[in-house]
Amino acid sequence: MIEGHGDDVFRYDGKVRVNFSTNIHQSVDHSGLMSHLASCPGLLSNYPEPEPFSVEKKLSEIYGIPIDNILVTNGATEAIYLIARKKQGSKSAIEVPTFREYQDACAMFGHIVRFLPVCEELNGIVFDCKPDLVWICNPNNPTDMVFNREKLLKLIDSIPETLFVVDQAYAESR
């Protein structure tokens, strides 16, 4: 990472009441998880498997997706850098303001970047740069704007030669 990404709440000695720099829900009771982890000390005293094959296999079974189409990463940030590296030297469009890691990953891997203002109406976006990739944070961080699913799919379908990276790390799971 160029600028670095992480949580610095440890610096504020309990003074932070709401931490907007993370997608970890702070109002969730984690006592069940902590209890489970405490009951499985064997899981905590060994390294995990080097590659997440068992998780990918389980996801393949649950969702009926071929295992070759599943990649489990150490969070969204690792996935962002892997995509940027795989598409090294591409033309990328990034809506701004947004999560800084898209810009950093593109810079690290030699992308030509075109910045676009965040636009509530997706059909208003004009891609005069014919991007190879479009990076979208949905909901957007920091604006919290959420794109309409149908409009987003319509935009994606309208440019089939472009890879859309839609980061939904901040979306509420249901």
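Two strands pair if DSSP finds at least two bridges between them. Strands here are DSSP runs of E, at least two residues long, and helices are runs of H or I, at least four long, numbered from the N terminus.

This is a predicted model, where local features need pLDDT of at least 70, side-chain atom pairs count only at pLDDT 80 or more, and totals for chains, interfaces and linings use all residues. Residues are numbered from 1 along each chain as its sequence is written, and side-chain values use heavy atoms, with hydrogens and water left out.

**Stop 1: the sheet**

Select the four strands of the open sheet. Their order is β2-β1-β3-β4, and the pairing is parallel. Now look at the edges. β2 (112-117) and β4 (163-167) each have a single partner strand, so one side of each is left without a neighbour in the sheet. On average, neighbouring strands are turned by 20 degrees against each other, direction ignored. Those angles come from axes, lines fitted to C-alpha atoms, and run from 0 to 180 degrees between N-to-C directions.

Next, pick β3 (133-137). Three bridges join β1 to β3. Find Ile94 and its bridge partner in β3, Trp135. On to β4: five bridges join β3 to β4. Here Val134 has Phe164 as its bridge partner.

Is β3 covered on one face or both? Both faces are covered. Leu133, Trp135 and Cys137 are buried on one side, Val134 and Ile136 on the other. Buried means under 20% relative accessible area, exposed over 50%, and partly exposed in between (1.4 Å probe, protein chains only).

**Stop 2: the cores**

A nonpolar core is a set of buried Ala, Val, Leu, Ile, Met, Phe, Trp, Tyr and Cys residues joined through side-chain atoms within 4.5 Å. In the largest one, which residues touch the most other members? Select Ile80, Tyr102 and Trp135, out of 13 residues. The elements that give two or more residues to this core are α4 (76-86), α5 (101-108) and β3. Apart from it lies another core, of ten residues, including Ala93, Ile136, Met145 and Leu155.

Zoom in on Tyr102. Leaving out residues up to four places away in sequence, Tyr102 touches Ile80, Ile94, Trp135, Ile136, Cys137 and Asp167. Contact means heavy atoms within 4.5 Å.

Now show the whole of α5. Glu101, Tyr102, Asp104, Ala105 and Cys106 are buried there. The buried residues of α5 pack against α4, β1, β2, β3 and β4. Just after α5, Gly110 has a positive phi of about 70 degrees.

**Stop 3**

Most residues other than glycine have a negative phi, and most peptide bonds are trans.

- Val96 and Pro97 are joined by a cis peptide bond, with omega about 0 degrees. Pro97 lies in the loop between β1 (91-96) and α5.
- The bond from Asn138 to Pro139 is also cis, with omega near 5 degrees. Pro139 sits in the loop between β3 and α6 (149-158).
- Asp144 has a positive phi, near 70 degrees. Asp144 is in the loop between β3 and α6, and is exposed, with a relative accessible area of 56%.

**Stop 4: a pocket**

Select α3 (53-63) and α4, which each supply at least two residues of the lining of the second largest pocket. Among the lining residues are Glu49, Phe53, Leu71, Asn74 and Leu82. On a 1 Å grid over the protein atoms alone, a pocket is an open set of points where a 1.4 Å probe fits, with protein on both sides within 12 Å along at least five of seven lines; lining residues have an atom within 4 Å of a point.
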